[in-house]
Amino acid sequence: MGSLIFKPHFVQKGSGPHIDPLIYLTDESENTFHSQILLSKEGIVVSGTEGKEKFALHVRWNVEGFGYIYCFADNGGEFYKLPSDGDKILNLNYELANSRVKFNQRRLNKFLWDDWSPSKEVRALKDLSEELLNDAEHVKNNEEKCSLLSQLSLKYSILVSDYIELEKARFDIDKTGSRADFFFGCDARGYFQMDSNLFMEKFTNLFNYATITHYLKGDVVDFEAEEGKKQYAVREEVLKKLRENNISVEGRPLLWIHEWVTPDWLKKKKYPELLKWIEKHVTEVVGHYKDEIEVWEVVNELHDWANELLLTREQTIEVTKLACDVARSINPKIKLLINNCCPFGEYIQLKKMGNRNAISVQRTPHQFIQALVDNDVDFDIIGAQLYFVSRSAADAINNTERFLSFGKEVHLSEVGAPSFGLKLEFIDSDPGDYSMYPYEWHRHWDEELQADWLEYNFTYAYSKSQITAANWYDFVDPKVFLNKGGLLRSPEGEEKAAVKRLLSLKEKWNKLP
């Protein structure tokens, strides 16, 4: 079997970086799989696909004028195959542009069946991207010209992708009207990070849904750092205040075995002991809150990512099924949610589970949900995280849309983006001058751009009847998952632009019939 080489042409003007070494492949169902792929001086060399005949390429590429984001090349929707022998060289710039333009055409054709049509501005950008691609195709023998034209086509076509999704979502909202039962949510840990009365004032002005965390360790107040000593009191306090203000509450998670939150006493349990603990733990926790907590996140990130206990694929299904069955038996009224992170599954190429090496062939979140369904696991809601992860809004939306095919309720369980600089996790200090780096999405992050990310994702969620909640993470800086990712600048309560944006969206949607 030969190799397929995608040759990048660095036509960008800035200092870079322009390409990231983490490159991966997906199959025809858009699931990531491990492959033999290498970024070398010849380009991106794909030499092995581990049994997958057709594939698409995903590479983080600096598209100046849009952002330093992951782009896909799928041969215009036809996918690639490895040559039977020898090497085949393709122009990466052209393949990225061609794939995006063809994707937009397919997406537009799908939406036109709903009697929607794009704005004049979007049609003009679409036409421009297609003209530039056509020009690039006519000068394929001139690599420099072809690459420059392809890069321009890619820039405009990615803009078109984002604009299409936002315009179509707004159209659907206008058509279907206001949704009184939609949950606008956020994590409630801010209650412990600022004046509690100020928190309640700010929170209830924005949200009708809250999540209360029960991390065994690593929480604002650890739930069970020492086995058998569960800390209910502080959670009951915030739960009482939220319920008094008619805020619906989700408890999370009953099981999360990431290294950040897994205490040593749990790591020491053998598998049979773990099963007994899960049954006891779920019985006690769900039973304790009775009907006050309406939704329980049963497992978090168990799709071969958060697996500090090194469970096998079969064991992850078994513990999820056990936890769901026990929760259902204790309180049949509650809804059960399975939460998923890393939506594009690039950890599979790295063969990583958090910081650990993978112990078996890994699954994407979508494959994990399919396995749960195939094994008759009883749950109600699929949780999809939509942090900014170096993808366009359109690509994040399209990836999430795949969950709708399961026919279950979907929550955008964690939506987030920073409001300054670059996306950083768990960093409290400013790492330096961002101007030397390519921006990630439209420009370097600021408060209005953070508000744009919120608007894209909350608008999309509100437009889909199957999506019943959108939760922002987190509420108040600086104690947040993403550096500068809160809606408030500090515990003093100063509001960022995203607060005004969300209030404006809700006001507009509430006026609809």
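Me: How many bridges join strand 4 to strand 5?
Reply: This is a predicted model, where local features need pLDDT of at least 70, side-chain atom pairs count only at pLDDT 80 or more, and totals for chains, interfaces and linings use all residues. Residues are numbered from 1 along each chain as its sequence is written, and side-chain values use heavy atoms, without hydrogens and water. Strands (E, at least two residues) and helices (H or I, at least four) are DSSP runs, numbered from the N terminus, and two strands pair if DSSP finds at least two bridges between them. Strand 4 (residues 36-40) runs antiparallel to strand 5, and the bridges joining them number 5.

Me: Which residue in strand 5 is the bridge partner of Ile37?
Reply: Strand 4 and strand 5 form a hairpin with 2 residues between them. Strand 1 (residues 3-7) also runs antiparallel to strand 5, with 3 bridges, and there Leu4 stands opposite Val46. The partner of Ile37 in strand 5 is Val46.

Me: How many of the 6 residues of strand 5 are buried?
Reply: Buried means under 20% relative accessible area, exposed over 50%, and partly exposed in between (1.4 Å probe, protein chains only). Strand 5 (residues 43-48) is largely enclosed by the rest of the structure, because its buried residues number 5 of the 6.

Me: Within what arc do the buried residues of helix 2 fall?
Reply: In helix 2 (residues 120-138), the buried residues include Val122, Leu125 and Ser129. The arc is taken from the directions from the helix axis to the C-beta atoms. Seen down the axis, the buried residues line one face of helix 2, so they fall within an arc of 130 degrees.

Conventions. The expected span of a helix is 1.5 Å times one less than its number of residues.
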